[in-house]
Each structure stands twice: as structure tokens, then as C-alpha cells.
Amino acid sequence: MHVAEVIILGKKELWFQMRTTDGMNWMELTFVSLSNGSGQVAKRLEKFKTTIFTQMSSLAIKHGAINLGQGFPNFDGPDFVKEAAIQAIRDGNNQYARGYGIPTFNSAIAERFKKDSGLVVDPETEVTVTSGCTEAIAATILGLINPGDEVILFAPFYDSYEATLSMAGANVKSVTLCPPDFSVPVDELKSVFSKKTRAIMINTPHNPTGKMFTREELELIATLCIENDALAFTDEVYDKLAFEVDHISIASLPGMYDRTVTMNSLGKTFSLTGWKIGWAIAPAHLTWGVRQAHAFLTFATSTPMQWAASVALRAPDTYYEELKKDYLAKKLILVDGLKSVGFFVYPSSGTYFVVVDHTPFGFENDIEFCEYLIQEVGVVAIPTSVFYLNPEEGKNLVRFTFSKDEATLRAAVERMKLKLKRR
Ligand SMILES: Cc1ncc(COP(=O)(O)O)c(C=O)c1O
């Protein structure tokens, strides 16, 4: 990989925007903090200085490493969606959208949800369009959680959950999903739930493990939510990347729709992660809270992209079948490759991630292993300890993504086969 372009975008922190010369349409935004962690930040975000991503990204640039770390495709989204965006811009759909979404997109989301989950929702009062699922998460948490409320997370968890809960002043309780199958520890979950629980956050298919919550697990969570009068927030951005079992939305379980916010986005399903188009579906009384926060976070989401997203969500079933087929082929290349390198690869039934045990190679922890992998082998993976309240729990595991073209995946495997040695 060669850096063709470096633009300095900020001063206090040095932001690099870089583009590669290999024509693979591969772009990455990363930054190196000049303040070395001594800058000012509010207490609620103090512990979230993302030193590990900073280290990994700057090391990746320095060593020209193949990036199987960050979860974004290095190939482009479908032409029919891109053309729809261009057309929407040409048609003059360029001013602020209605705050909670343009009507046609709210309807497309409701139609898609009915097809996927069987639930009929009102696009006008139960669907809110947001700037990516990240904003749906923020609007849901900030709109529905009070300071001191207890919220349960399953570790490892997507990093924005904990940071946003901290911004809301929530009291985070974590339940760890352990290898080999990352199943829900029933007794522990029961013991963490109480009348003080305001909400539980679910992510299925699950980043980083690829676990998909089973019907039994979701039924247990539903029972506990109902018994304790708690809400369920469910992040389903990988719902179309379910390879072995069918995806289940907890909102579709008896008694759950009224207490669930279901969040999703366009990025993963349409290989358009840079568009940041997301949504939250919830009954009107919860949607009210989500919209109150959304109104003051971003107010509205990009208008032409919502027009294009409406076309995307109405794609024929064949689009989704092809997507799955392509990703399954990529997954096989990576999983077989990682096994042949000598990793223990945990089964992943959904998402475009796999988690491996790096301990056969003799490193102290995941961060040391990932640093070595970048510096000496030229491949980027993500240390999973950053996804736990207690980093010790993730120290044996690292995450690779297969959201890359097949040549890139094969090249990364070859590098590892050639250069990764047991210590
Ligand atoms: C589990 C999970 N939720 C949410 C997001 C963010 O989605 P978006 O890009 O739509 O904000 C990601 C992105 O990696 C993710 O992995």
C-alpha cells in the first residue's frame, strides 16, 4: 500500500486523510494526537481516549499493513443505489429533510421491517431516521436513559455503547459472553437483572464475535425485561449478514415490541459505510424520547442519501442473497486461511468478523500480538480487550474482518503464513 495523499485536517490534533495508490478505492481516516493525551476532555469521556486505535492506525500507516482491522469494505456499494443518490441531488433534494426522515424513506424502513420481522409499524410515529446507527444508539440512550439508571451490556461490546452510556450518566452493568460459543450465561444474567434495570443492550449478529443470539437466549432476555419492566435496545446492523441461522429481532417476541428500540443502518448491507444513514424503530411512546434527543443531536439526516436509501431498502431479494453469497466466499477464505496459519478460529455465524485465539503464538496479550502483527507481519487486526469493561477478559482474542476483496484476504493470509512465527 502506498500513501498517495495526506491532508492535514486539524491543528490541535493532527488528522490525516489518506488515499492509497493501488486503485482499490480504499480510504482511511485516522489521527495521531499531538497532545499525547494531555488535552482537555469532560470527565464523562476521560476514560475513552482511544489510544489503542490511534496506535494501531498509525502503526498500520508506518508499516504499510493490510487492514483486516476496521470493519469497512474496500469495495464499492451497488451502482443502483449510487445512481439514485446522484439523481436525488440532480432533482434538487438538497435542503434539510424532515427531522425524523423523508416520508418515502420512513415507509421503506417500515416495509423492510415488516418483511424481515413480520411486525407492522407506523412509519410516521414509530420510525426515526438518524445519521447512522451510531446516532440511533446515541439518540436512544440520551433520549431514554436518566443519570444513574442501570443498563446491562454484553461484553465484548461495540465501543460506542459504553461511551454513550457514560455521556448519559448511566450505571453500566456488564455480562461477559465467553468462548468457545459466546453463549449467554443464564444465571449471571438473571443475577444482574433487577427492578433497577432500565434497559439491556443487545447486538445480534454480534460484533466482534459473530455470535447470533438464539431464540432461547432472546426469550430469556424478553422474560427478564418483562418481569423487571426494562427496555431492550437492539443493534441489528449486521442482520443481513446471517450465514447459518436466521436473524431474530427481539421486538418480534411476545410482549416485547412495546419495550424495544430496534436500530439498524444502511452501511454494512449496502457496502456504503461512509453514508451514515441509520434508523430507530420503536413504539410511539419510546420514539418520542428518541426523537427528542435526535432533534438536538443532528436534527435531520442527509436528504439525497435518504432518497437513495429508500431505493436501496426496496432492493429485490436477489440483492440480499448475492450479498450473503459473496460474504460467505470471503469468510471461507479468511477462516480457512487463519486456521492454516495456526490460529484457533471461533465459529462466527453472522457479521463480517471472526475472532481467533492468538495464544498459540506465545504473546503476552492481544495488544502485544496486534502490534507484532502490524510491525513484523504487515497485517492489522483489532485487539478485543478494548471491548470489555475488564480488558483482561479479552486478552487472548483478536478480531479480523473479511469485509475486503478476495485478493486482499488472500494476501493477508499469505503474509501471516510466511512471517508469523511462534515465539
Ligand atoms: C455493532 C455496530 N453497531 C453500529 C455500528 C455503526 O453503524 P453506523 O456506521 O451506521 O453508524 C457498527 C459499525 O461498525 C457496529 O459494528
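Helix 11 (residues 366-377) lies across strand 15 and strand 16, and runs at about 40° to strand 16; axes here are lines fitted to C-alpha atoms, for helices over the stretch in contact, with angles running from 0 to 180 degrees between N-to-C directions. Helices (H or I, at least four residues) and strands (E, at least two) are DSSP runs, numbered from the N terminus. This is a predicted model, in which local features need pLDDT of at least 70 and side-chain atom pairs count only at pLDDT 80 or more, while totals for chains, interfaces and linings use all residues. Residues are numbered from 1 along each chain as its sequence is written.

The open sheet consists of four strands in the order 12-13-16-15, with antiparallel pairing. Strand 12 (344-345) and strand 15 (382-383) stand at its edges with a single partner strand each, so one side of each is left without a neighbour in the sheet. Helix 10 (residues 317-341) packs on this sheet, touching strand 12, strand 13 (353-357) and strand 16, and its direction makes about 10° with that of strand 13.

Four bridges join strand 5 to the antiparallel strand 11 (residues 278-281), where W279 stands opposite V129.

Helix 9 (residues 303-313) is largely enclosed by the rest of the structure, because nine of its eleven residues are buried, among them M305, W307 and L313. The buried residues of helix 9 pack against helix 2 (79-90), helix 3 (103-117) and strand 5, two residues being in contact if their C-beta atoms, placed from the backbone, lie within 7 Å.

## The ligand shell

Of the 14 residues around the ligand, G132, C133, T134, Y158 and S265 come nearest, where a residue is near if its C-beta atom, placed from the backbone, lies within 6 Å. Helix 4 (residues 132-144) supplies the largest share of this shell, three residues.

## The chain overall

The chain has twelve helices and 16 strands, and buried residues make up 44% of its 423 residues.

Technical notes:
Two strands pair if DSSP finds at least two bridges between them. A residue is buried if 20 or more other C-beta atoms lie within 10 Å of its own, exposed if 12 or fewer, and partly exposed in between; C-beta atoms are placed from the backbone.
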